[in-house]
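Have a look at it before reading on.

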Amino acid sequence: MAQVDIGHRREQKLIHILFFLFGFGIMAWVPRFPEVRENLGLDNGAFGSLMSTGSIGAFFGLLTTGHIIHRVGVKRVTIVSIVILYASLISLVHISSTIPFLIFSIGFGFGITAIHVAINSQAFHFNDRSGTNIVTSAQGYWSAGALSTAIASGLLVDRVSLVTHITVLSVILAAAMIAIVISLHPVLLTANTDLESKYSIKEIFTSFRIDWPVSLAMACVVYLEFAVGDWGTIFTKDRLEVSAGLSAAPYIVFTAMMIFGRLFIHKLLPYAPLELWAKRAAILGGFGFGGSIVIATHLPEEMKWWSFGLFILGFFLGGLGSSFLGPSVFRAATRRSSLPNAIVVGQLGVVNNIMVFIIKWIVAWTMQLTGSIALAMMIPVAMLLASTLFLYVLKEDQEIKS
């Protein structure tokens with residue numbers, strides 16, 4: 001029996017909800033990282049290093065998921081990845097020993113990246129069929145989910161235990177996301193039936209292509225978001241000695257600006273090219289975030305709340321400046337390659353993941369050796385400013401088919 005198309009409007013709505021729930025789920029424990037660190041009994045350097053092990057799972061997920069989707073389609077990959085993701089997350093909040101934590105952190109990283117590749121491939125598939133670009137707006141919904149969960153987690157701190165919070169939430173979200181994937185079944189990207197386009201295990205490696213300008217641009221524009229996710233709450237709590245709820249406020253502001261930028265950048269495009277807006281945004285985000293943090297950390301202790309206000313301002317400008325850069329570079333990567341979108345997403349992710357893994361270690365041990373989170377946070381600031389050297393890839397005529 002022929003399957004009935006569910007319609008572009010409903011498909012777009014379901015994809016947006018899927019991105020929202022994805023962001024809500026994987027970021028739920030971020031505002032509670034101080035509790036996770038305390039459960040493990042680790043210092044900042046060791047905790048940061050242990051958290052970075054998720055990049056190992058992410059590496060394998062990014063390297064293989066696109067090819068698996070090409071062979072079996074999006075549906076099965078997404079459902080299995082959802083189960084892996086939330087089973088790992090539940091396990092992580094129950095664990096107080098580093099070795100089991102490392103193992104499930106790798107599983108968690110794999111689950112995140114496998115879902116990331118799958119649902120972004122579906123978003124590009126929607127673009128190709130409808131002529132409507134939803135990649136940037138979908139990332140905005142992801143950020144909306146991350147913001148919502150940050151607020152909820154902040155309210156639950158000291159009221160609901162970490163284990164209860166994450167366990168109940170994971171079960172609910174896993175069921176909801178699987179239900180949405182099943183609802184999208186008629187329009188999901190299917191396996192490629194062209195035998196000549198099948199990729200062997202060997203070809204996963206031999207077909208690998210690195211678009212260096214895109215890869216460097218992506219690493220530079222996204223790392224501030226990673227750094228804020230990993231350290232934003234701990235930074236505020238340790239530096240200013242504010243309550244757990246208040247320590248999440250700068251992160252919430254950062255994420256709110258990410259949403260705003262991603263959902264409304266299209267309104268600015270009639271006035272100047274995307275490349276120009278991107279360079280302006282990178283400069284605003286880099287100097288705004290870095291300058292505010294430097295001033296805030298040099299104010300005397302009695303001006304604690306002025307420092308907190310500057311933290312808010314810095315995270316505001318950092319979130320706004322970096323908001324739409326990642327999705328824009330992401331889209332440029334698929335435009336510049338002749339490979340299937342799912343494979344391009346995965347290959348770009350592999351390179352970016354390796355770079356981010358190295359940078360996470362550098363940041364974590366900069367904090368540990370210098371005792372200054374503020375100094376370490378200047379690394380993503382420098383990267384965001386350096387991205388202006390590579391953002392020419394956003395020009396529509398910069399097409400390099402490989």
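Both Phe124 and Phe330 are buried, where buried means under 20% relative accessible area, exposed means over 50% and partly exposed is in between (1.4 Å probe, protein chains only). This is a predicted model, in which local features need pLDDT of at least 70 and side-chain atom pairs count only at pLDDT 80 or more, while totals for chains, interfaces and linings use all residues. Residues are numbered from 1 along each chain as its sequence is written, and side-chain values use heavy atoms, with hydrogens and water left out.

Phe124 belongs to helix H6 and Phe330 to helix H15, so their pair ties together parts that are 206 residues apart in sequence. (Helices are DSSP runs of H or I with at least four residues, numbered from the N terminus.)

A search of the whole structure turns up twelve aromatic pairs. Rings of Phe, Tyr and Trp (its six-membered ring) pair if their centres lie within 6.5 Å; planes under 30 degrees apart count as stacked, over 60 as edge-to-face and the rest as tilted. Here are two of the pairs:

| Pair | Centre distance | Plane angle | Type |
|---|---|---|---|
| Trp29 and Phe33 | 5.1 Å | 85° | edge-to-face |
| Phe124 and Phe330 | 5.7 Å | 50° | tilted |

Trp29 is buried, with a relative accessible area of 3%, and Phe33 is buried with a value of 3%. Ring pairs also link Trp29 and Phe33 with Phe47, Phe101 and Phe108 into a cluster.

Is Arg32 buried or exposed? At 1% relative accessibility, Arg32 counts as buried. Arg32 sits in the loop between helix H1 (8–26) and helix H2 (33–40), and its side chain joins that of Glu35 through a polar contact of 2.7 Å. (A polar contact is a pair of N or O atoms within 3.5 Å; within protein, one must be able to donate a hydrogen and the other to accept it, and residues adjacent in sequence count only if both atoms are side-chain atoms.)

Finally, the pocket. On a 1 Å grid over the protein atoms alone, a pocket is an open set of points where a 1.4 Å probe fits, with protein on both sides within 12 Å along at least five of seven lines; lining residues have an atom within 4 Å of a point. The largest pocket is lined by 21 residues, with Asn127, Asn133, Thr136, Pro327 and Arg331 nearest its centre. Helix H15 gives the largest share of that lining, six residues.

How values were computed:
Helix = DSSP H or I, 4+ residues; strand = E, 2+ residues; numbered from the N terminus.
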